[in-house]
Amino acid sequence: MEFLLNSMRKINNDQVKEHAFGTEQSLEERLAICFINPKDFEKLKLVSSLHLKISNKEKDVIVNVEKDDNVPEGTVVMPVSIWSNRLSVVQNNELLYKNIAVKIEATSEPIMKFKEIINELLVKK
Amino acid sequence: MELYKFLPKTNCKKCGKPTCMAFSLDLLQGKVKVDDCPPLLEPKYKKQYDALKELLGSEEGQQKELKINIDDKLCDGCGICVTVCPVNARYCPSSLSGKAPDYPPEKHQLFQVIGGKCELLKIEYCRRLEAGGRERECRVCETYCPREAVKIEYV
Amino acid sequence: MKRFTCSGCSLLCDDIIVQSDGLFISEVMGACLKGKERFDQVSAKNRITSPLIRKDGELKEVSWDEATKKAIEIIKNSSIPLLYGFSNVSCEAQDVGIKLAQKINGFIDSNASICQGKILNKAKSLGINLTTITEIINKGDLIILWGANPAETVPRLLNKVLFSRGKFRMTGREIKTLVIVDPIKTASFRVMGVRDLPLIIEPNKDIDLIRMLKEECCSVDSIPSQGVAGIDKNDLKRLLLHLTGAENGVIILGQGVIQPHPDYNLVEELLELLQMINERQEKGRISLLLMGGHFNMAGFDHVALSSFGVSGKLEFKHNQLIKTDDTLVSKIEKENFDSSIIVGTDPISHLPHSLSSKIAKKPLILIDNHHTATSHIAEVVLPTAITGIESGGLAYRLDQVPIELNKIINPSNNLPSDEELLNQLYRLINQGGSE
Ligand code: SF4
Ligand code: SF4
Ligand code: SF4
Ligand code: SF4
C-alpha cells in the first residue's frame, strides 16, 4: 500500500536515550518501530507477531508496528533514527524527513538489526 | 455571590467577621467553614445550612478520599502541573517572568519536579479539599498534563 | 540556592538545582526528564572516557598521544576536510572549530544549517521580529505551533510560554490562545483547552492554507465554504481572527515546516504572510520563534557572524574564507570531501542513508562523549567532557539569547573540554606546519 512516512522525534523513542541507558535490544524495540492508524492496521491484516516492511526508491527497512489513534489513515509515523533514515530523502539539496512516499506491506521476516545497518555501512569502506 | 444568599444576612458578627458578606468571601476561599457561623446551626436555618453544605461539597457527605496519582512511567517532568496548579501559583514567589515554583518547595506547594519526574508533595492544600464554590471543581493539573499522567480520583 | 543551566535541549532552562559534591551529582531538581537524562549521561554506559582508534576493524583504547597523532595524520592527508556538528558544544568550541577549519582549509557547518539557518535570514530580510521566551511569558496572547511538537522535543517549552504567569498580566494559561497546525495529533495537542484551536491539516497541504490566508487576509467572508486543506470553514475564520487580532502573537516553527518542496518554498510564503499581517495590524504583531534541538543550535551562526561576518556554513581555501554555493548536503552528495571531523553529533543516525553511507566511506574523526551509531564507523574517537556539566561555556538559547553554562563536577578521567581538545589539534597542526 502507498503511504506517507513522517519521521518525528519522540521522547520515549529517543536514540540518544537508548544508546546511553538502554541495550541493543531496547534500542531495536524502541526505534525500529512505526505507528499507524488502527484502521490501516486492520486493512493490512496485521497481527502483533508480524512486522512491517517499508520501502521506497532509497532503501527498505523492516520494523515493528504499533497502533496509534492519533496517526491519520494513510500515514506511517517513525521516530527519527537510523532506521527511519534509511527512507528519508535528499531533495533539491535539502533533507526530506516528512511526507515521504513509501510502500508498506506486512511481513513475517524479522526486523532489521542495528548491527546489520552498521555493518552495511562499514563494508563500503 | 451564591453563598451570600444562604447566609442569615444579619451581620451579627458571631463568626468574628464584620459582615455576612465578609464571611461569605472567606467561605468561598475556604478560610472558614459553614459551621463557623453559629446562627446557621439553628433549626430555622436548616434548609440554608444544607444548601450551603451541598454547594461547597460537604466533607461529611464525601466518604471517599481524594487521591491524585501521577503515573511515573508517563510523566516527562515538563512541570506544567507545577505551574498551572492555582495553589502553587498563589504561594510561589515572583520571578523575573512572573511566578515560578520554588526550590526547596514552599510549604503549600503541591507538586514539584525532581529527578525528571513530577512528585506530589502533599495534598492538603489542593483546592478540591480546601476551596469552596466553583474553585472546588479544580482539575487543571489533570486537564493540561500533556502526557495524561495525572489522575484525580476518589477512593 | 545556586541555580544551574540545563543543557538538555535548546531551551537552556536556567532554574535547575543540582546537588553535588563536585564529583558526583546526587539530585537534579526542576529539570524535565530529558534534562535529567542529560545529567545522567555523565555515567551512562555508552560514555567514552579514553581515546579510541580503529584497528583491524575494531575500536581499541589507545593513549591520547597515539590517538591525536592518528587524527592529525588523517587531517594532514586530507585536502578537503568536512567539519560538521558543533551544536552540542559551547560557542568557545565553535570558535576554535572555525579556526581549525581555516587552518586546514576545510568546509565547516553546524547541524543548524539543515534546520533553521535559512529561516532566520529570510525573517531578517522581511523585518519579522524574533521574540524571546520572557516576552512571550509576560506579554504573549497568541501562540501558534506550526509543524512543531514541543511536548516531545523541548519538554518545558509549553510550560514556559503557555502556562507561566507573566509579570504584567499575572495570568497565564487563561489569556493565551494556542493554535496548533499539524497533520498528526501530537502530544502537544493535549494541553489544549476549549478556547484553543487545533488544526489537523492534510499532509503536504500547508501551502494551500497559507495561500488562502494570504489572499483573504483580513476578509473573513471569502473563505471557501468547503474549507481548505481539510480544515473546516469556521476554524479558518477563527484562525484569521486570531491572527489579525493578536496583540503579541508568536509563531513557533518546527521541523514540519522546514521540509523542502519541489515547487515552492513553504517557509518563505509563511513568513510573507506574517509580514502581511504585521503590516495591516494596528496595535499588535506576530513574531517568530524557532524550535531547535541541540542545546547550542543557535550559537554557531552567532560565532560565524562575529568572526567572519557570515552566518552558517564557511569554506576555506588557502586559509581564506571563500564564497561557496555548496551546502553540507551538496558537499556530501557530490562526495566533495575526503575526510570528516564530526563534533558532538551523530550524522550516521540523523542523515538520510544516501548521505550517511557517503560519510562512512571516508575517514572519520569523531569528537564526542558517547558511543553512537557514528562511533561505530569512526576511525578515531576523541572523547571530551560534557558541556554544561563537566565544563562551562556560552550557549545561545532557541530565542537567540546567550546563556552561560557552568561546570558543576570534574570530568571523568580528566577529559578535556571540546574547546581544549580542538585547541590542541589546532596547535599540533600549527607546529607540524612550521617544522
Ligand atoms: S455569624 Fe452568621 S449571621 Fe453572624 S455575621 Fe457571620 S454569617 Fe452573619
Ligand atoms: S504535567 Fe504531567 S508530564 Fe508534566 S510534570 Fe506534571 S505529571 Fe509530569
Ligand atoms: S486539582 Fe487544582 S488545586 Fe488540586 S492539585 Fe490539581 S491543580 Fe492543584
Ligand atoms: S526543557 Fe530542555 S533545557 Fe529545560 S530542563 Fe528540559 S531538557 Fe533541560
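A: Let's start at the end of a helix: directly after α12(C), G309(C) adopts a positive phi of about 75 degrees. Helices (H or I, at least four residues) and strands (E, at least two) are DSSP runs, numbered from the N terminus. Please keep in mind that this is a predicted model, in which local features need pLDDT of at least 70 and side-chain atom pairs count only at pLDDT 80 or more, while totals for chains, interfaces and linings use all residues. Residues are numbered from 1 along each chain as its sequence is written, chains are lettered from A and ligands numbered from 1 in the order in which they are written, and side-chain values use heavy atoms, with hydrogens and water left out.

The helix itself, α12, spans residues 299-308 of chain C, and its buried residues include G299(C), F300(C), D301(C), V303(C) and A304(C). Here buried means under 20% relative accessible area, exposed over 50%, and partly exposed in between (1.4 Å probe, protein chains only).

Most residues other than glycine have a negative phi. D56(C) has a positive phi of about 50 degrees although it is not a glycine. D56(C) sits in the loop between β3 (52-55) and β4 (58-61) of chain C, and D56(C) is exposed, with a relative accessible area of 79%. N204(C), also a residue other than glycine, has a positive phi near 65 degrees. The loop between β9 (197-200) and α8 (206-216) of chain C holds N204(C), which is partly exposed at 30% relative accessibility.

Around ligand 4 are residues of chain C, including C6(C), C9(C), C13(C), C32(C), K34(C) and R156(C); a residue counts as near when one of its heavy atoms lies within 4 Å. This shell has seven nonpolar, two polar and two charged residues. In this scheme Ala, Val, Leu, Ile, Met, Phe, Trp, Tyr, Cys and Pro are nonpolar, Asp, Glu, Lys and Arg are charged, and the others, Gly among them, are polar.

Now for the neighbours. With chain A, the contact (heavy atoms within 4.5 Å) takes 44 residues from chain A and 52 residues from chain C. Chain A and chain C bury about 4,100 Å² between them, 60% of it on carbon and sulfur atoms; buried area is the accessible area (1.4 Å probe) that two parts lose on being put together, summed over both. Six residue pairs between chain A and chain C are in polar contact (both at pLDDT 80 or more). A polar contact is a pair of N or O atoms within 3.5 Å; within protein, one must be able to donate a hydrogen and the other to accept it, and residues adjacent in sequence count only if both atoms are side-chain atoms.

With chain B, the contact takes 31 residues from chain B and 33 residues from chain C, and about 2,400 Å² is buried between them, 58% of it on carbon and sulfur atoms. Two salt bridges link chain B and chain C. R190(C) forms a salt bridge with E148(B), with the closest N and O atoms 3.6 Å apart.

Terms used: Salt bridge = Lys/Arg side-chain N within 4 Å of Asp/Glu carboxyl O.
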